[in-house]
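Dear colleague,

Please find below the structure that I am handing over to you. My notes on what was found in it follow directly after.

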Amino acid sequence: MRRLLWPSVVLALVIAYPLWFSTPFQQRLGALVLLYAIAASAWNIVGGYAGQVSVGHVVFFGCGAYAAMGAYTHFGLSPLVGIPAGIVVSVAISAVIGVPTLRLSGHYFSMATIAVAELCRLVVTNTGYLGGGVGLSGPSVPRNVFDLSFISALPYYYLFLAVLCITLGITWWMANSRMGFYLRAIRDSERAARSLGAPASRTKLYAFMLSAGLTSVAGALYSMMFGFVDPESGLGILISVKMLIMAALGGAGLLFGPLVGAAILVPLEEISNNLLGGKGAGLTFVVYGAIIVLIVRFQPGGILTLINRIWSISDKAAKAAVAEGTRHAP
Amino acid sequence: MSTILVQVIVGGLLLGAVYALFSSGLTLVWGMMNIVNFAHGDFVMLGMYVAFVVYTLLGAGPLLGAPLAVLVLATLGVIVYFGMIREIMKGPMLAQILGTFGLALLLRYSVFWWFGANFLTLPANIVGGTYVISGLRIEASRFLAGAVALLVTLGLHLLLTRTSLGSKMLAVAEDSTAAQLMGIRPDTMQAIAWAIAAGATGLAGALIATFFYIVPTVGETLGIVAFVTVSLGGFGSVPGALVAGLLIGVIESLSGYLIGAAYKDIVVYSLFLGFLWFRPQGLMGKT
């Protein structure tokens with residue numbers, strides 16, 4: 001039960017957050033942290049656990065966003081209806097991309113996913129049905145509660161929290177299933193994993209599909225909160241980059257890594273945008289770039305790994321002290 | 001063939017030579033250290049901005065801009081190698097990809113922050129007018145860029161295959177421990193490779209800046225062009241990069257002319273994915 005102590009304390013604090021920090025800015029910030037945590041956790045399944053660095057996850061994010069907005073624009077339905085459609089399309093696309101590219105070694109996979117993302121952005125920009133360069137909008141005046149169009153960020157906050165809990169639950173279940181063990185074995189050495197009989201290609205593909213489906217949910221939620229999607233906000237490569245950085249900063253391949261990363265980077269970005277205004281847009285990504293270079297150079301495992309190491313060192317020191325004490329005891 | 005089609009193909013070849021030049025830098029580093037530099041396109045972008053700054057501050061053209069760009073970028077290459085690459089080479093794949101990706105963001109948005117997102121250009125007559133050879137109109141700037149890029153790429157190939165420095169670098173690429181036993185310092189050779197690779201991008205950037213639009217995000221497009229070229233030519237192969245670069249230049253020009261300018265990147269990216277799927281070892285590479 002001790003293992004559940006910390007997560008439940010954190011969960012209680014997260015649930016209580018909007019009660020303490022009740023200004024619109026703070027609630028919006030909280031909602032954004034949770035939203036990016038969902039996206040980064042979804043990325044973490046394939047990027048962290050399987051070690052396949054996808055830079056094209058924005059494709060699935062965009063799928064979800066466009067499906068949600070498309071359901072409203074073209075069919076007059078609630079954006080919620082678009083979520084399952086987005087998941088289906090994303091999983092299908094991920095299978096089409098994944099079957100050929102996951103055979104390739106890591107670098108090729110990353111390059112291929114960048115190209116796919118850019119290709120999608122260019123194609124969507126030139127497609128009139130998807131709104132071209134302007135994009136699609138959601139309901140400007142909500143017809144009923146299922147349009148999920150709220151002025152306050154509070155409903156989004158709890159909605160995102162619920163989805164995040166589901167995402168983390170799925171990730172935890174996957175990590176502790178046979179699949180999770182296969183993925184970690186593949187990440188450490190694909191050749192060794194294969195030689196021991198782990199079905200590497202199939203497992204990587206399943207992870208990619210699972211991750212794609214969850215990412216598309218994040219995209220749909222994003223478009224509902226902002227009420228629109230265009231090629232830049234739905235399919236820009238920077239969205240992939242954000243998922244990647246958040247997971248890597250917190251700790252890729254760790255359950256709570258993306259959440260920690262999002263909780264650090266999203267406030268940083270929002271506050272710097274607020275302080276610096278338009279000038280801040282460029283500077284935020286300069287800081288992002290610098291953070292990545294520094295983590296990779298000095299702490300490739302991410303912040304959680306560092307914390308765990310410090311804990312285990314102090315743990316060992318405590319045990320050593322106890323051992324010392326017993327030895328000297330008469 | 002109509003004159004205009006020939007014109008389009010010649011224009012594609014000249015641009016393709018520049019693609020070949022900066023891609024040969026990527027292929028060199030990739031072949032030697034098995035590291036893909038995701039910031040490669042942004043190195044080219046920096047070369048373009050060096051040429052732009054040289055023009056605005058000193059009023060000088062590529063005659064001064066190009067050597068300066070080579071110098072600046074080669075220095076950056078060495079700094080990047082010793083500051084980051086040397087450490088992350090031993091690390092996991094995630095760290096390698098993230099590291100150069102972070103570098104790309106850092107460079108791209110530093111320039112964005114400083115110069116803004118506006119499209120900049122150098123004056124059209126910076127290299128001189130337009131040649132007319134039997135009905136073909138060729139801008140001097142494109143001709144200069146293409147010719148210099150072609151010569152330097154060939155020179156790079158000769159450097160790698162015909163000189164003792166090239167042999168040493170090849171030895172490190174083959175087996176760095178064995179090379180070390182023969183008295184070759186892998187560290188020095190790899191730093192030289194980074195200097196050469198980054199210098200080539202600087203030159204390519206300064207050359208291309210004379211007729212291309214200059215914008216912080218241009219590195220993203222050019223980086224993908226470099227990936228396409230290298231995966232088409234086979235990694236580690238400079239002649240492969242040359243052939244692939246020329247081919248991509250022509251394909252891009254032709255598709256821009258025949259289908260429409262908005263679709264030329266779509267064609268190139270699709271080509272790239274097609275190659276990754278069906279022939280990941282490239283046109284000339286071995287399995």
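The contact between the two chains takes 34 residues from chain B and 36 residues from chain A, where two residues count as in contact if their C-beta atoms, placed from the backbone, lie within 7 Å. On the side of chain B that touches chain A, the elements giving two or more residues are α3 (62–88), α4 (93–115), α9 (218–233) and α11 (264–278) of chain B. The largest share, 15 residues, comes from α4(B). That side of chain B divides into 26 nonpolar, five polar and three charged residues; Ala, Val, Leu, Ile, Met, Phe, Trp, Tyr, Cys and Pro count as nonpolar, Asp, Glu, Lys and Arg as charged, and the others, Gly among them, as polar.

Please note that this is a predicted model, in which local features need pLDDT of at least 70 and side-chain atom pairs count only at pLDDT 80 or more, while totals for chains, interfaces and linings use all residues. Residues are numbered from 1 along each chain as its sequence is written, and chains are lettered from A and ligands numbered from 1 in the order in which they are written.

The largest nonpolar core has 211 residues. Such a core is a set of buried Ala, Val, Leu, Ile, Met, Phe, Trp, Tyr and Cys residues joined through C-beta atoms within 7 Å; a residue is buried if 20 or more other C-beta atoms lie within 10 Å of its own. The residues with the most contacts inside this core are Leu35(A), Phe160(A), Ile292(A) and Val18(B). Helix α2(A) gives the most to the core, with 16 residues. Leaving aside neighbours within four places in sequence, Phe160(A) is in contact with Ala31(A), Leu34(A), Leu35(A), Ile38(A) and Leu221(A).

Helices and strands here are DSSP runs (H or I, at least four residues, for helices; E, at least two, for strands), numbered from the N terminus. Helix α2(A) covers residues 24–49. Because 21 of its 26 residues are buried, α2(A) is largely enclosed by the rest of the structure. Just after α2(A), Gly51(A) takes a positive phi of about 70°.

Helix α9(A), residues 200–226, has 27 residues, and 22 of these are buried, leaving the helix mostly covered. Just after α9(A), Gly227(A) has a positive phi of about 80°.

Yours sincerely

Technical notes: The expected span of a helix is 1.5 Å times one less than its number of residues. A residue is buried if 20 or more other C-beta atoms lie within 10 Å of its own, exposed if 12 or fewer, and partly exposed in between; C-beta atoms are placed from the backbone.
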